[in-house]
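Here are my comments on the model, point by point. Please read them with the structure open.

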Amino acid sequence: MSDRRVAILGGGLYRPGRVRYDNAEEGVAMAYKNMLEDFPKLDPREIEFVQSSYFSDHLNQQLCMAWIVQDYIGQHRKGGYRVEAGGSTPLDNIINAYYLIKSGQYDLILVLGWEWMSEVDTATTNEFIASASDTDWDFTVGGFYNGYYAALETRHMQLYGETIEDLGRIAVKNRNNAIHNPFSQWRAEHGTGRVTLDDYYKDRIIAWPYRRWNCALISEGACCLLMGSEKMAKRLTSHPMWIEGVGLGSDSMRPGDRLVDWAYHGVHKADERLYPANVEKPKTPYPEMANFGFARESAKQAYAQAGISDPLKEIDLAELFAPYDGVELCLYEDLMFCPRGEGKTMIRQGVVERGGELPCQLSGGLTAFTHPVGATSLFQTLFLHWQLAGLIKKKLGDATLQVKNAKKAITTGHGGTGCQGGVIIYSKD
Amino acid sequence: MARDPKIIEDRATPIKKEWEEYARKGNWTVKGYEMVRALSGPGLEEQCKEEDFMVVYRPHGVLYHHSYGLVSKFFKGLIERQLYGTKCPKCKTVYCPPRVHCWNPDCRVADTEWMELPLRGKVHTFSVMLFSADAFLEMLPFVLAYVQIDGAHTAIPIQVVTAPTEVFIGQKVNIKFRQKRTGDLMDIYAVPVKGQKTPSDSCLHRDEKNVKDLNRDMENTYAFLDKRFGIKKKDVEKRWKV
């Protein structure tokens, strides 16, 4: 593999909200402008390639919106294309830019991401998103990701014994982080008061076992990143964030097919053995409908590249792509922060809380910060960049969320019910 | 010379006529607008300024024709009150949902064989839906389950018609056909086999607060159903007594 190093040099954002009235290209332009303020030495003409990510053409009655955006900010003439893979869209965007720079093809890439999700009513937004599930099969019977994910969590809960309270703890943690993030939708809508488990229990059930608080937000927002080679990093910033490892993986399209999943059969033997003895075993016990195989596969590749053998000890913070709180709990396991079935102890013992050994979702994550699908991982990566660069106080006006001496971070992305996804490891040096 | 596709059964012509009208109505042209004064700008609310935005309303109505491909037999089977799966002759895996090609790498995309499946299965996992997409709102609250049909190795998504507080993982169910069938998975539903005891370790039932909270929030769903569709709680409960 090429030994060129690739870095996130910086980025900019357009504050996400439930409904915004500046349109997508204007939002992206403002995020880009926000980014340029941090790069006084950058001539926009130097950008060699523009990569865009947005998830849905349905949501805005517009195909190829990337072409509108790229020309709107005067970045046309040069090459560029859209990367799309459901919820994994923005993570794949970053990974693809990484490949292009690492290969030596380019030295400086502008990575754009956005989503405008409120042009149709909430039920229709959910329906459009759910059309990323198999529309001949799963979609027909419920048409709603909340339902599929809730069913996956029910299974994990039955196998490994986490409780509604554990899901509540995660929801509360993420909100109490988000109150220190002024760009978070939670704070914009609910203010800066802390919440408790009692508040969580008052919240409405959407798809048992999930309450509204356990579910991803609907958002309109934009974010951009400037990615470059070592040469560009040296010239343009004093605090690059390096990509130390990436990995990609996938799970079956239809979750029900994971009971006999020949691609995974016998691959993760230790996890297969951690299947509870009192439950009838399906043919393929891991990931089954309980865990996320894509995350395990991605993490293995990314950790190997980054030289990580004990992620819990070596990684300082995580921004996970967890559209539902049960996914966050499962990812603790699939990313090998803990063994399969022990996700619940991570939250019960405070490991993933602010101040814990491996804080997760300090930004608030997808359920309390924001989730404009095509931009989500860009927002999370920008947040990690601020963390590793020690810029949290400067950017958020509040140092509470700053992890001291943070050196290594992880982020994940995935689409569908884990159908495709990946992992990126970032480091300060 | 290529042979032209031939329609051998037509259950679509009246629908095509009906939907022509929707296509005409839903043709992306502006039907109305609003002027909206709202915040503009990338930063925090206090840094944004108010601007006036013109917001237009554009509909989009379409009718797709979509082939179910080589699994058409499964969906035609639903209309004819039969449940089919497929079996790989090499690795013997039974698929429901059916695959006409085996996905086991050892079988090298082997052609599978059709087989009839019994109208029985068990709940592999489930969710209780108290909110859903537009098409399903009137059916709320409902149980979305993944059911493993007896003899199949995979699980199929299906609604279990039961009081949502009574479903559990491992529950045995019978598969029933709806009176009106259109050729999708909603043509079938599951009902629990009578006389089963809820296991004490069922994740929904092991803490009684779970059921209490679910009942509390189902009341909100009933209120919504009444307001939006005039559907009463007792009508909903009647559905579960099959």
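1. Two residues are in contact if their C-beta atoms, placed from the backbone, lie within 7 Å. The model is predicted. With that cut-off, and leaving aside neighbours within four places in sequence, take A:C224. Its contacts are A:G11, A:G12, A:V28, A:A31, A:Y32, A:M35, A:L110, A:V111, A:L112 and A:L378.

2. A:C215 lies in the loop between β6 (210-211) and β7 (220-229) of chain A. Is A:C215 buried or exposed? A:C215 has 23 other C-beta atoms within 10 Å. A residue counts as buried at 20 or more, so A:C215 is buried. Not counting residues up to four places away in sequence, A:C215 touches A:N146, A:I206, A:Y210, A:Y324 and A:T367. A:A150 is 65 residues from A:C215 in sequence, yet the two are 9.7 Å apart in space, C-alpha to C-alpha.

3. Now the contact between the chains. Here 53 residues of chain B meet 49 residues of chain A. On the chain B side, β1 (32-40), β6 (120-129), β7 (142-149), β8 (156-160) and α3 each give two or more residues. Which of them gives the most? β6(B) does, with six residues. By class, this side of chain B has 30 nonpolar, 16 polar and seven charged residues.

4. Chain B is divided into domain 1 (27-62), domain 2 (69-116) and domain 3 (120-239). The centres of domain 2 and domain 3 of chain B, taken over C-alpha atoms, are separated by 26 Å. Eleven residues of domain 2 of chain B are in contact with 13 residues of domain 3 of chain B. On the domain 2 side, α2 (72-79) and β4 (94-95) of chain B each supply at least two residues. The largest share, three residues, comes from α2(B). This side of domain 2 of chain B has eight nonpolar, two polar and one charged residues.

5. Helix α3 of chain B, residues 208-229, passes a simple length check. Its 22 residues, at 1.5 Å a residue, should span 32 Å. The end C-alpha atoms are 31 Å apart, so the two values agree. After α3(B) comes B:G230, with a positive phi near 70°.

6. How are the buried residues of α3(B) placed around the axis? The buried residues in α3(B) are B:D217, B:M218, B:T221 and B:L225. They cover an arc of only 125° around the axis, and therefore lie on the same side of α3(B). These buried residues pack against β5 (205-208) of chain A together with α4 (233-239) of chain B. On the other side of α3(B), B:E208, B:K209, B:K212, B:N215, B:E219, B:A223 and B:K227 are exposed.

Conventions. Residues are numbered from 1 along each chain as its sequence is written. Chains are lettered from A and ligands numbered from 1 in the order in which they are written. This is a predicted model: local features need pLDDT of at least 70, side-chain atom pairs count only at pLDDT 80 or more; totals for chains, interfaces and linings use all residues. Domain bounds come from an automatic or database domain assignment. Helices (H or I, at least four residues) and strands (E, at least two) are DSSP runs, numbered from the N terminus. Ala, Val, Leu, Ile, Met, Phe, Trp, Tyr, Cys and Pro count as nonpolar, Asp, Glu, Lys and Arg as charged, and the others, Gly among them, as polar. The expected span of a helix is 1.5 Å times one less than its number of residues. A residue is buried if 20 or more other C-beta atoms lie within 10 Å of its own, exposed if 12 or fewer, and partly exposed in between; C-beta atoms are placed from the backbone. The arc is that of the directions from the helix axis to the C-beta atoms.
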